[in-house]
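Q: Can you walk me through this one? I'd like to go over the cavities first, then the helices and a couple of side chains.

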Amino acid sequence: MKKDTTLKGRIKRISLSIVGFVLIFSVISMILVKVIYDGQFPRYDKPHETITARLRYKEFETNYPRESVSFFSGKNRLQGYVYGTDQNRGIVVVAHGLGGGADSYLAQIMYFVDKGWRVLSYDATGSYESEGKTTKGFPQALSDLNAALTYINGEPEFEDLPIMLFGHSWGGYAVANAPHLGHEIAGIVSVSGVNSSMEIVLEQGRRIMGGFIYTQYPYLWLYQRLLFGKIASLTAVDAINQSHIPVLIIHGRGDDMVFYDGCSVIAHIKEITNPNIKTLVLDEPGRNGHNDVFRSDAATAYIDEINAEYHELYNQYEQKIPYEIQQAYYAKIDRNLAQDLNLELMDEIHSFFLACLKR
(Lines give C-alpha, C1' and ligand atoms only; values in the text may rest on other atoms or scores of the structure.)
Protein backbone atom coordinates (compact mmCIF):
# COMPACT_ATOMS: atom_id res chain seq x y z
CA MET A 1 0.00 0.00 0.00
CA LYS A 2 1.37 3.36 -0.97
CA LYS A 3 2.04 5.74 1.90
CA ASP A 4 -0.12 8.86 1.86
CA THR A 5 2.31 11.79 1.61
CA THR A 6 -0.25 14.47 0.90
CA LEU A 7 -0.81 17.38 3.23
CA LYS A 8 -4.11 15.85 4.23
CA GLY A 9 -2.38 12.60 5.13
CA ARG A 10 0.29 14.34 7.19
CA ILE A 11 -2.37 16.30 9.10
CA LYS A 12 -4.25 13.06 9.78
CA ARG A 13 -1.11 11.35 11.14
CA ILE A 14 -0.26 14.34 13.33
CA SER A 15 -3.84 14.47 14.64
CA LEU A 16 -3.81 10.76 15.48
CA SER A 17 -0.46 11.17 17.25
CA ILE A 18 -1.82 14.07 19.32
CA VAL A 19 -4.96 12.14 20.22
CA GLY A 20 -2.85 9.12 21.20
CA PHE A 21 -0.56 11.25 23.34
CA VAL A 22 -3.50 12.92 25.09
CA LEU A 23 -5.13 9.57 25.79
CA ILE A 24 -1.95 8.05 27.20
CA PHE A 25 -1.19 11.20 29.23
CA SER A 26 -4.75 11.23 30.58
CA VAL A 27 -4.66 7.59 31.65
CA ILE A 28 -1.29 8.00 33.35
CA SER A 29 -2.46 11.25 34.97
CA MET A 30 -5.65 9.72 36.38
CA ILE A 31 -3.65 6.84 37.87
CA LEU A 32 -1.08 9.27 39.28
CA VAL A 33 -3.79 11.55 40.70
CA LYS A 34 -5.59 8.66 42.38
CA VAL A 35 -2.43 7.26 43.95
CA ILE A 36 -1.18 10.62 45.26
CA TYR A 37 -4.61 11.94 46.28
CA ASP A 38 -5.59 8.79 48.18
CA GLY A 39 -2.18 8.76 49.84
CA GLN A 40 -2.85 12.18 51.36
CA PHE A 41 -6.04 10.99 53.05
CA PRO A 42 -5.35 7.70 54.85
CA ARG A 43 -7.17 6.42 57.90
CA TYR A 44 -6.00 7.90 61.23
CA ASP A 45 -6.42 5.60 64.19
CA LYS A 46 -6.28 6.99 67.70
CA PRO A 47 -2.69 6.85 68.97
CA HIS A 48 -2.06 4.82 72.10
CA GLU A 49 -2.29 7.13 75.10
CA THR A 50 1.24 6.20 76.23
CA ILE A 51 2.90 7.61 73.11
CA THR A 52 1.14 10.94 72.72
CA ALA A 53 1.22 14.26 74.56
CA ARG A 54 -2.54 14.73 74.09
CA LEU A 55 -4.88 15.04 77.05
CA ARG A 56 -6.46 11.78 78.20
CA TYR A 57 -10.21 11.93 78.73
CA LYS A 58 -10.12 9.40 81.57
CA GLU A 59 -8.33 11.99 83.69
CA PHE A 60 -11.20 14.47 83.25
CA GLU A 61 -14.33 12.32 83.00
CA THR A 62 -15.39 12.95 86.60
CA ASN A 63 -15.64 16.72 86.08
CA TYR A 64 -16.59 16.56 82.41
CA PRO A 65 -18.97 13.62 81.92
CA ARG A 66 -20.02 12.99 78.36
CA GLU A 67 -22.69 11.02 76.57
CA SER A 68 -21.62 8.79 73.69
CA VAL A 69 -23.74 9.17 70.57
CA SER A 70 -23.45 7.97 66.99
CA PHE A 71 -24.87 8.84 63.61
CA PHE A 72 -24.26 7.88 60.00
CA SER A 73 -22.36 9.84 57.38
CA GLY A 74 -23.06 7.91 54.21
CA LYS A 75 -22.40 4.26 55.02
CA ASN A 76 -20.06 4.98 57.92
CA ARG A 77 -21.13 5.26 61.54
CA LEU A 78 -19.45 8.20 63.26
CA GLN A 79 -18.65 8.28 66.96
CA GLY A 80 -19.70 11.44 68.79
CA TYR A 81 -19.73 12.83 72.31
CA VAL A 82 -22.05 15.30 74.02
CA TYR A 83 -20.73 17.31 76.98
CA GLY A 84 -22.63 19.60 79.33
CA THR A 85 -25.94 17.85 78.77
CA ASP A 86 -27.70 20.04 81.36
CA GLN A 87 -26.52 23.34 79.80
CA ASN A 88 -28.87 25.24 77.53
CA ARG A 89 -27.03 28.40 76.45
CA GLY A 90 -26.41 26.82 73.06
CA ILE A 91 -24.52 23.94 71.50
CA VAL A 92 -21.01 24.23 70.09
CA VAL A 93 -20.23 21.67 67.38
CA VAL A 94 -16.50 20.95 67.22
CA ALA A 95 -15.07 19.83 63.86
CA HIS A 96 -11.51 18.50 64.19
CA GLY A 97 -8.51 18.73 61.91
CA LEU A 98 -7.14 16.08 59.55
CA GLY A 99 -5.11 13.45 61.37
CA GLY A 100 -6.85 14.02 64.68
CA GLY A 101 -10.16 13.23 66.28
CA ALA A 102 -12.66 14.67 68.74
CA ASP A 103 -10.35 14.07 71.71
CA SER A 104 -7.60 16.10 70.03
CA TYR A 105 -9.58 19.18 71.12
CA LEU A 106 -10.38 18.20 74.72
CA ALA A 107 -8.84 21.42 76.07
CA GLN A 108 -11.09 23.57 73.86
CA ILE A 109 -14.12 21.39 74.62
CA MET A 110 -13.62 21.72 78.37
CA TYR A 111 -13.20 25.48 77.98
CA PHE A 112 -16.57 25.74 76.22
CA VAL A 113 -18.24 23.56 78.86
CA ASP A 114 -16.79 25.76 81.61
CA LYS A 115 -18.36 28.76 79.86
CA GLY A 116 -21.82 27.19 79.95
CA TRP A 117 -22.08 25.67 76.49
CA ARG A 118 -23.25 22.22 75.55
CA VAL A 119 -20.74 20.64 73.17
CA LEU A 120 -20.99 18.00 70.45
CA SER A 121 -17.69 16.66 69.15
CA TYR A 122 -17.23 13.71 66.83
CA ASP A 123 -14.61 11.65 65.05
CA ALA A 124 -14.88 12.26 61.31
CA THR A 125 -14.92 9.49 58.72
CA GLY A 126 -11.76 7.38 58.85
CA SER A 127 -10.68 8.98 62.12
CA TYR A 128 -10.17 7.49 65.59
CA GLU A 129 -13.31 5.64 66.74
CA SER A 130 -15.41 6.28 63.61
CA GLU A 131 -15.83 3.93 60.69
CA GLY A 132 -14.20 4.46 57.32
CA LYS A 133 -11.18 2.91 55.63
CA THR A 134 -9.79 6.37 54.79
CA THR A 135 -10.50 10.03 55.49
CA LYS A 136 -11.29 10.23 51.77
CA GLY A 137 -10.68 13.97 51.10
CA PHE A 138 -11.44 17.51 52.19
CA PRO A 139 -15.10 17.49 51.10
CA GLN A 140 -15.67 14.54 53.44
CA ALA A 141 -15.34 16.93 56.39
CA LEU A 142 -18.32 18.90 55.07
CA SER A 143 -20.36 15.74 54.55
CA ASP A 144 -19.59 14.63 58.11
CA LEU A 145 -20.55 18.04 59.51
CA ASN A 146 -23.81 17.81 57.61
CA ALA A 147 -24.41 14.43 59.25
CA ALA A 148 -23.71 15.91 62.70
CA LEU A 149 -26.08 18.83 62.15
CA THR A 150 -28.76 16.52 60.79
CA TYR A 151 -28.38 14.43 63.95
CA ILE A 152 -28.77 17.51 66.17
CA ASN A 153 -31.85 18.67 64.31
CA GLY A 154 -33.44 15.26 64.71
CA GLU A 155 -32.98 14.97 68.49
CA PRO A 156 -35.57 16.60 70.82
CA GLU A 157 -32.93 17.25 73.50
CA PHE A 158 -31.26 19.83 71.24
CA GLU A 159 -34.48 21.58 70.24
CA ASP A 160 -34.29 25.38 70.47
CA LEU A 161 -30.55 25.36 71.22
CA PRO A 162 -28.68 27.91 69.07
CA ILE A 163 -26.01 26.10 67.06
CA MET A 164 -22.44 27.43 67.02
CA LEU A 165 -19.78 25.87 64.82
CA PHE A 166 -16.10 25.69 65.77
CA GLY A 167 -13.61 24.08 63.41
CA HIS A 168 -9.87 23.94 62.93
CA SER A 169 -8.00 23.18 59.67
CA TRP A 170 -10.02 20.39 57.96
CA GLY A 171 -12.79 21.30 60.36
CA GLY A 172 -12.22 25.01 59.67
CA TYR A 173 -12.91 24.32 55.99
CA ALA A 174 -16.08 22.41 56.92
CA VAL A 175 -17.60 25.03 59.22
CA ALA A 176 -16.79 27.89 56.82
CA ASN A 177 -18.64 26.01 54.07
CA ALA A 178 -21.53 25.03 56.36
CA PRO A 179 -23.99 27.70 55.08
CA HIS A 180 -24.15 25.66 51.86
CA LEU A 181 -25.86 22.90 53.87
CA GLY A 182 -29.01 24.85 54.69
CA HIS A 183 -29.07 24.23 58.45
CA GLU A 184 -29.98 26.97 60.91
CA ILE A 185 -26.70 28.16 62.39
CA ALA A 186 -26.21 31.04 64.83
CA GLY A 187 -22.46 31.58 64.49
CA ILE A 188 -19.30 30.14 62.94
CA VAL A 189 -15.65 30.23 64.02
CA SER A 190 -13.21 28.93 61.41
CA VAL A 191 -9.60 28.58 62.58
CA SER A 192 -6.84 27.94 60.01
CA GLY A 193 -9.55 27.07 57.52
CA VAL A 194 -9.37 26.35 53.78
CA ASN A 195 -11.56 28.09 51.20
CA SER A 196 -12.04 25.12 48.86
CA SER A 197 -10.92 21.53 48.51
CA MET A 198 -9.40 22.20 45.09
CA GLU A 199 -7.23 25.02 46.40
CA ILE A 200 -5.73 22.96 49.23
CA VAL A 201 -5.12 20.00 46.91
CA LEU A 202 -3.22 22.24 44.48
CA GLU A 203 -1.30 23.94 47.29
CA GLN A 204 -0.23 20.63 48.80
CA GLY A 205 0.39 19.12 45.36
CA ARG A 206 2.79 21.92 44.55
CA ARG A 207 4.98 20.74 47.42
CA ILE A 208 5.13 17.24 45.97
CA MET A 209 5.16 17.87 42.22
CA GLY A 210 6.11 21.52 41.81
CA GLY A 211 4.54 23.38 38.88
CA PHE A 212 3.69 20.08 37.19
CA ILE A 213 0.66 19.87 39.49
CA TYR A 214 -1.16 22.41 37.32
CA THR A 215 -1.09 20.02 34.36
CA GLN A 216 -3.07 17.67 36.59
CA TYR A 217 -5.81 20.17 37.38
CA PRO A 218 -8.48 18.62 35.07
CA TYR A 219 -7.81 15.16 36.47
CA LEU A 220 -7.83 16.35 40.09
CA TRP A 221 -11.11 18.16 39.46
CA LEU A 222 -12.60 15.06 37.82
CA TYR A 223 -11.41 12.68 40.54
CA GLN A 224 -12.82 14.84 43.33
CA ARG A 225 -16.07 15.19 41.40
CA LEU A 226 -16.29 11.41 41.04
CA LEU A 227 -15.68 10.97 44.77
CA PHE A 228 -17.92 13.70 46.13
CA GLY A 229 -20.15 15.11 43.42
CA LYS A 230 -21.03 18.81 43.48
CA ILE A 231 -19.86 19.25 47.06
CA ALA A 232 -16.26 19.12 45.78
CA SER A 233 -16.72 22.48 44.00
CA LEU A 234 -18.10 24.42 46.97
CA THR A 235 -16.16 27.37 48.42
CA ALA A 236 -16.27 29.08 51.78
CA VAL A 237 -16.50 32.51 50.13
CA ASP A 238 -19.72 31.57 48.34
CA ALA A 239 -21.10 29.96 51.51
CA ILE A 240 -20.41 33.00 53.69
CA ASN A 241 -21.71 35.45 51.10
CA GLN A 242 -25.00 33.63 50.58
CA SER A 243 -25.94 34.02 54.24
CA HIS A 244 -25.93 36.62 57.00
CA ILE A 245 -24.57 34.17 59.57
CA PRO A 246 -21.86 35.85 61.69
CA VAL A 247 -18.46 34.31 60.91
CA LEU A 248 -15.16 34.78 62.75
CA ILE A 249 -12.15 33.81 60.63
CA ILE A 250 -8.92 33.19 62.57
CA HIS A 251 -5.60 32.50 60.88
CA GLY A 252 -1.92 32.60 61.76
CA ARG A 253 0.30 34.62 59.50
CA GLY A 254 3.03 31.98 59.84
CA ASP A 255 0.82 29.00 58.97
CA ASP A 256 2.98 26.57 56.94
CA MET A 257 0.19 24.06 56.34
CA VAL A 258 -2.63 26.28 55.07
CA PHE A 259 -0.78 29.30 53.75
CA TYR A 260 -2.09 32.64 54.95
CA ASP A 261 -1.75 34.10 51.44
CA GLY A 262 -2.67 30.87 49.69
CA CYS A 263 -5.71 28.60 49.96
CA SER A 264 -6.93 29.96 53.29
CA VAL A 265 -10.34 31.52 53.78
CA ILE A 266 -8.70 34.69 55.03
CA ALA A 267 -6.74 35.06 51.76
CA HIS A 268 -10.12 35.67 50.08
CA ILE A 269 -11.34 38.23 52.58
CA LYS A 270 -11.74 40.98 49.95
CA GLU A 271 -14.22 38.75 48.09
CA ILE A 272 -16.48 38.37 51.13
CA THR A 273 -19.52 40.66 51.23
CA ASN A 274 -21.28 39.26 54.30
CA PRO A 275 -21.50 42.27 56.67
CA ASN A 276 -21.25 40.00 59.72
CA ILE A 277 -17.73 38.81 59.02
CA LYS A 278 -14.90 39.33 61.53
CA THR A 279 -11.24 38.40 61.22
CA LEU A 280 -8.48 37.78 63.72
CA VAL A 281 -4.92 37.58 62.40
CA LEU A 282 -2.38 35.91 64.70
CA ASP A 283 1.12 37.38 64.38
CA GLU A 284 2.94 36.33 67.53
CA PRO A 285 5.88 33.98 66.76
CA GLY A 286 5.35 30.53 68.23
CA ARG A 287 1.57 30.97 68.14
CA ASN A 288 0.94 31.99 64.55
CA GLY A 289 1.38 28.67 62.77
CA HIS A 290 -1.08 25.90 62.04
CA ASN A 291 -1.05 23.63 65.09
CA ASP A 292 0.25 26.10 67.68
CA VAL A 293 -2.45 28.78 67.43
CA PHE A 294 -4.25 27.65 70.59
CA ARG A 295 -1.15 27.45 72.82
CA SER A 296 -0.41 29.72 75.75
CA ASP A 297 3.06 31.23 76.14
CA ALA A 298 3.80 28.64 78.82
CA ALA A 299 2.74 25.79 76.53
CA THR A 300 4.86 27.15 73.68
CA ALA A 301 7.99 27.34 75.85
CA TYR A 302 7.38 23.88 77.31
CA ILE A 303 6.79 22.26 73.92
CA ASP A 304 10.02 23.77 72.60
CA GLU A 305 11.78 22.18 75.59
CA ILE A 306 10.31 18.68 75.18
CA ASN A 307 10.71 18.79 71.39
CA ALA A 308 14.44 19.40 71.87
CA GLU A 309 14.63 16.32 74.10
CA TYR A 310 12.72 14.25 71.55
CA HIS A 311 15.03 15.45 68.77
CA GLU A 312 18.01 14.17 70.78
CA LEU A 313 16.36 10.75 71.09
CA TYR A 314 15.55 10.83 67.37
CA ASN A 315 19.22 11.32 66.53
CA GLN A 316 20.46 8.93 69.22
CA TYR A 317 18.38 6.05 67.85
CA GLU A 318 18.92 7.01 64.20
CA GLN A 319 15.25 7.90 63.60
CA LYS A 320 13.99 4.57 65.04
CA ILE A 321 13.16 5.23 68.68
CA PRO A 322 12.20 1.97 70.45
CA TYR A 323 8.58 1.80 71.59
CA GLU A 324 9.46 1.49 75.28
CA ILE A 325 11.78 4.51 75.03
CA GLN A 326 8.94 6.53 73.50
CA GLN A 327 6.66 5.45 76.34
CA ALA A 328 9.23 6.52 78.93
CA TYR A 329 9.60 9.89 77.17
CA TYR A 330 5.85 10.60 77.07
CA ALA A 331 5.35 9.37 80.65
CA LYS A 332 7.36 12.35 81.90
CA ILE A 333 5.40 14.95 79.93
CA ASP A 334 3.11 17.38 81.73
CA ARG A 335 0.12 17.02 79.40
CA ASN A 336 -1.84 19.82 81.01
CA LEU A 337 1.01 22.24 80.43
CA ALA A 338 1.61 21.00 76.88
CA GLN A 339 -2.07 21.59 76.06
CA ASP A 340 -2.45 24.83 78.05
CA LEU A 341 -4.71 27.18 76.07
CA ASN A 342 -4.22 30.73 74.94
CA LEU A 343 -7.11 32.06 77.01
CA GLU A 344 -7.04 35.42 75.26
CA LEU A 345 -7.87 33.69 71.98
CA MET A 346 -10.47 31.39 73.53
CA ASP A 347 -12.12 34.34 75.27
CA GLU A 348 -12.36 36.10 71.89
CA ILE A 349 -14.17 33.07 70.49
CA HIS A 350 -16.49 32.82 73.49
CA SER A 351 -17.33 36.54 73.27
CA PHE A 352 -18.07 36.15 69.58
CA PHE A 353 -20.48 33.29 70.27
CA LEU A 354 -22.19 35.33 73.00
CA ALA A 355 -22.64 38.22 70.54
CA CYS A 356 -24.21 35.79 68.07
CA LEU A 357 -26.87 34.93 70.66
CA LYS A 358 -27.96 38.57 70.82
CA ARG A 359 -28.70 38.91 67.11
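Q: How many cavities of 30 Å³ or more are there?
A: The count comes to one. A cavity here is a set of points on a 1 Å grid over the protein atoms alone where a 1.4 Å probe fits but cannot get out. Points are joined across faces, edges and corners, and a volume is the space filled by probe spheres set on the points. By the way, this is a predicted model, where local features need pLDDT of at least 70 and side-chain atom pairs count only at pLDDT 80 or more, while totals for chains, interfaces and linings use all residues. Residues are numbered from 1 along each chain as its sequence is written, and side-chain values use heavy atoms, with hydrogens and water left out.

Q: How much space is in the largest cavity, and what lines it?
A: About 40 Å³. The lining residues (an atom within 4 Å of a point) are Ala-95, His-96, Tyr-122, Ala-124, Ala-141, Asp-144, Trp-170 and Gly-171.

Q: Which helices supply at least two residues each?
A: Helix 3 (138–153) and helix 4 (170–176). Helices are DSSP runs of H or I with at least four residues, strands are E runs of at least two, and both are numbered from the N terminus.

Q: OK, zooming out: how many helices and strands are in the chain?
A: The protein chain has 11 helices and eight strands. Of its 359 residues, 49% count as buried, meaning under 20% relative accessible area; exposed is over 50%, and partly exposed is in between (1.4 Å probe, protein chains only).

Q: On to helix 11. Which residues are buried there?
A: Leu-345, Met-346, Ile-349, His-350, Phe-352, Phe-353 and Cys-356. They cover an arc of only 155 degrees around the axis, which puts them on the same side of helix 11. The arc is that of the directions from the helix axis to the C-beta atoms.

Q: What do they pack against?
A: Strand 3 (91–95), helix 2 (106–114), strand 5 (163–168), strand 6 (187–191), strand 7 (247–252) and strand 8 (277–282).

Q: And what caps the N-terminal end of helix 11?
A: Asn-342 does, with a side-chain oxygen 3.2 Å from the backbone nitrogen of Glu-344.

Q: Now helix 9. Which residues are buried in that one?
A: In helix 9 (residues 323–331), Gln-326, Tyr-329 and Tyr-330 are buried. They fall within an arc of 90 degrees seen down the axis, so they line one face of the helix. Glu-324 and Ala-331, on the other side, are exposed. The cover over the buried residues includes helix 8 (297–316) and helix 10 (335–338).

Q: Switching to Asp-103: where is it, and is it buried or exposed?
A: Asp-103 is in the loop between strand 3 and helix 2. Its relative accessible area is 8%, so Asp-103 counts as buried.

Q: What does its side chain make polar contacts with?
A: The side chain of Lys-46 at 2.8 Å, and that of Arg-66 at 2.9 Å. A polar contact is a pair of N or O atoms within 3.5 Å; within protein, one must be able to donate a hydrogen and the other to accept it, and residues adjacent in sequence count only if both atoms are side-chain atoms.

Key
Contact means heavy atoms within 4.5 Å. On a 1 Å grid over the protein atoms alone, a cavity is a set of points where a 1.4 Å probe fits but cannot get out, and a pocket is an open set with protein on both sides within 12 Å along at least five of seven lines; lining residues have an atom within 4 Å of a point.
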